[in-house]
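Please read these notes beside the sequence and the model. They cover a helix, a strand and a chain contact.

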Amino acid sequence: MNALEARGLVKRYGGLVAVNDIGFDLHDGEILGLIGPNGSGKSTVMKLVMGIERPDAGSVKLDGVETVGWPSYRIARAGVGIVFQHSRPLHRQTVLENIKLALLPDSLLRLTATAGVDDRAREIADSVGLGDVLHRHPATLPFADLRRMEMAKAIARDPKVVLIDEPFAGLTGGEVETFSELIRALRAQGHAVLLVDHNVKSVAALADRVLAMYLGQQVSEGTVDEVMRNETVRRVYLGGTLEASQRNGAAAETRPSLLRVEDVSVFYGKAQALEHVDLHVNEGEFVSVVGLNGAGKTTLFNAISGLVPYAGTVAFGDHALAGRTPAAIARDGIVQCPESRQLFGDMTVRENLDLGGQHLPAEARAEQLAWLFELFPILESRQGQVARTLSGGEQQMLAIARALMMRPKLLILDEPTLGLAPVILEQLSNALERLRASTPITVLLGEQNVTFALPHADRVYLLEHARVVWEGEPAKFAAVMGEGYL
Amino acid sequence: MTRAFNRRLLFAGIVFVLVATVLPLWLSAYVLGVLTTAYYFGVFSMSWDLLFGFAGEVNFGPTFLIGLGAYTAALLDNAYHPPVVICIAAGALAALVGGVLLALPALRLRGPYFGLVTLVAVLLLQNAIVIFARFTGGEIGMTVPDVLSVDPKLNYCYALAFFVVSAILLYGLSRSAVGLILQASGQDAVEAQALGFNVTKHKLAAFSVSALFSGVAGAMLVFYMGAASVGTIIDIGIGVQIIIGAVLGGRRTILGPAIGAIFLVVGTELLRPLGQLNTFVIAGIALAVILFFPDGLLGHVLRPRENT
């Protein structure tokens, strides 16, 4: 019998269909990988199963019992445990007390833990390898141990089904191996495990079956090999056949350097998001940084923009940027168009653009606006519309246009294709091509979608697990990395 | 938490109780009166900390609960003259019921709205009292025919005893298994739910306990002062003082807020020779502590070490 049976799950947020007709079976002693790029809806599926969000349609059966509509504490008690990617442990309690918490009854009258809870908590801690740090406080633990503690809490009540969100995020190679062992052990004990990950590669060695999602829909289901060979999956991740075209080839190499990133490392608490990254961009160059979600692209851009503290140097032109505020860096000419777009949702298209051009004299502003409307004709017709009501693609164009209103010396585009349908990608791609052909602008583009990133690029960096692992011309990227990227 | 820490705390507690018990032998009736009020405010702040520090909900209207307890007790006493204990019990019940009726819908709200609802509740209560001035005395206030005692020493002892019992119960609760679940609910409600805890139930229970202690303390304060008025019991300013006291002493510690509140009341009184300046100086101290020691005056002392 299936431990978990999901059928026809649908979840809408306003006009956006985050999950559209997703269904799967999960048996005891089986690991199912749920994969898809950011924004594909896989985390929402997990929340629907856990009851954190309520589906608009569909059913979830746990051991044959319908659980849709139950509050998540009831689903938890019925036998579903979840390992969150980010959680806030009790910082004033020890590791042991944090695990004991998961074993407490949901009662207002039991003021003390029942006998046996202490022993059971120690047993669980040992099984995930926390035996030596029982009496430490979470704040003093290395990142991997915090993840172990979350794992311990999730399996404390011996759930039938264990949901794990991004099991390997922020872990180093060796730790990934240890965690894989822990997850295999869960399977061996008969738990049904659902792994949610953006990366096929990381769950490949672990999952018995994989279900791939894109834009809320299932694109493929089967064994790891089948899914990885699937045409649609390859297109989702790579964007189809790889093409490359260079604008000015060698010429760019001889131009003066505009941005130098040297030996930059960034930590989020205990997780290392960037490891000794070196990168440079010359004036007028179009440089693409490609890598899967979580590789560190956004962190790199945020370090350049002064939004996160880092070790190492970032130099713009001939001065270092360390110690300058994000606002000063933006005024200097490094303008970032962030992944989340950050539009002023309640303002109109025109107001958003005017705000971007606030510092320009009126004449220059009008000129810039006219040029942008030429570049993105759709925005001209939408001037009076409130930004929030634009489609995803239009919002992305507006975000880029607003950034360009600031007349940047260096434009940073972070994952502009995120969550966009293929047809919109093409429009966006054309606009970038026009931008590149008609202006001498310098662009640093971060992308997961290689097919989108390559055609425009003069040079490509590949970021993997917080490190730059490859640098070179796009034509060579297609030849060398095309197969191994996924 | 270490055993050594517990032992130190127990020792400090016993010393405090012993010293506080023998104080009436030396201190004047005036000073005892100040301390009596201070103890009630200590209970107010502790009740508030259970909600904010543990359940993670900011209650901007502690005086709503206190006012319900105080005015219910005062109205009942004026109407039927039952024994004072009955009046206090009725006040506690009213605060409990009113608190639950307020919290049930308010806890469904997310973000800052819970706090705003509690703030509006205070204004509503304040207006209701002014509108029904015929019964409540309106803005002038109402006197109660009975008092706890006319002897300042006895009044002091009642307040001290109530304060100590409340501190033991609330502190014990915060350290119990239920307190642990409550903290988890306050810090990450989604995760607490996923661990199988009905977060709303636990928060509602915390609100009820907070309301109960606030109500009893409010009613006792009325029977100590012999009068209830909007300005001394319900005003937003009183609520702010309770909150500042809690933050000043060190939130999430229960005992810290008690000491912070006592410090505020006594400090304001000590600086009375400065005239209007006294509240200014106290507010300045509070601001400095909150800015430079966000954990509060006693946050570090009262908390077990976090980095072993």
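1. A residue is called buried if 20 or more other C-beta atoms lie within 10 Å of its own, exposed if 12 or fewer, and partly exposed in between, with C-beta atoms placed from the backbone. Helices (H or I, at least four residues) and strands (E, at least two) are DSSP runs, numbered from the N terminus. The model is predicted, with local features needing pLDDT of at least 70 and side-chain atom pairs pLDDT 80 or more, while totals for chains, interfaces and linings use all residues. Residues are numbered from 1 along each chain as its sequence is written, and chains are lettered from A and ligands numbered from 1 in the order in which they are written.

2. Strand S16 (residues 334–337) of chain A is covered on both faces. Ile334(A) and Gln336(A) are buried on one side, Val335(A) and Cys337(A) on the other. In a regular strand, side chains alternate between the two faces of the sheet.

3. S16(A) pairs in the parallel sense with strand S17 (residues 410–414) of chain A over four bridges; pairing requires at least two DSSP bridges. Opposite Val335(A) stands Leu411(A) of S17(A).

4. In chain B, eleven of the 14 residues of helix H12 (residues 236–249) are buried, so H12(B) is largely enclosed by the rest of the structure. Among the buried residues are Ile238(B), Gln241(B) and Leu248(B). Gly250(B), with a positive phi near 120°, follows H12(B).

5. The contact between chains (C-beta atoms, placed from the backbone, within 7 Å) takes 30 residues from chain A and 22 residues from chain B. H2(A) gives the largest share of the chain A side, four residues.

How values were computed: The expected span of a helix is 1.5 Å times one less than its number of residues. Two residues are in contact if their C-beta atoms, placed from the backbone, lie within 7 Å.
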